[in-house]
Amino acid sequence: MTILRDVAAELWKMFLADARLSFSILVLVGLTAIASGFSALLAGVLLVIGMPVVLIAVVVRAARS
């Protein structure tokens, strides 16, 4: 049981370690879910372009601080 608790604690810390990245990805996935109602192609393009943009933005911001 302690192994499961340790794994859960590590996962929790992993997602909270970079809250900006986690929040940005959740927003992007939410926007993609909304866009999928209009067009699957639009949703796919949003994910393919959005994920690298979010990652680069978070890395650049972290490098500056």
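Which helix contains Met 51? Met 51 is found in helix α3, helices (H or I, at least four residues) being DSSP runs numbered from the N terminus.

## Basis of the model

This is a predicted model, in which local features need pLDDT of at least 70 and side-chain atom pairs count only at pLDDT 80 or more, while totals for chains, interfaces and linings use all residues. Residues are numbered from 1 along each chain as its sequence is written, and side-chain values use heavy atoms, with hydrogens and water left out.

Met 51 is partly exposed, with a relative accessible area of 28%; buried denotes under 20%, exposed over 50%, and partly exposed the range in between (1.4 Å probe, protein chains only). Neighbours within four places in sequence being set aside, Met 51 is in contact with Ile 25, Leu 28, Val 29 and Leu 46, where contact means heavy atoms within 4.5 Å. Its C-alpha atom is separated by 20 Å from that of Arg 64, 13 residues away along the chain.

Leu 28, Thr 32 and Ala 35 are buried in α2. They lie on the same side of the helix, because they cover an arc of only 60° around the axis, the arc being that of the directions from the helix axis to the C-beta atoms. The cover over the buried residues of α2 includes α3 (40-64). Thr 32 has a relative accessible area of 8% and, apart from neighbours within four places in sequence, is in contact with Ala 43, Leu 46 and Leu 47.

## The exposed face and the nonpolar patch

Turned away from the buried side of α2 is a face that carries the exposed residues Phe 23, Leu 26 and Ile 34. Ile 34 has a relative accessible area of 55%.

Phe 23, Val 27, Leu 31, Ile 34, Phe 38 and Leu 42 make a nonpolar surface patch of about 650 Å². Patch residues have over 30% relative accessible area and no salt bridge; like charges are joined within 9 Å, and nonpolar side chains (Val, Leu, Ile, Met, Phe, Trp, Tyr) within 5 Å. A salt bridge is a side-chain nitrogen of Lys or Arg within 4 Å of a carboxyl oxygen of Asp or Glu, and accessible areas come from the Shrake-Rupley method with a 1.4 Å probe. Helix α2 (residues 19-36) gives the most to this patch, with 4 residues.

Note on methods: Helix = DSSP H or I, 4+ residues; strand = E, 2+ residues; numbered from the N terminus.
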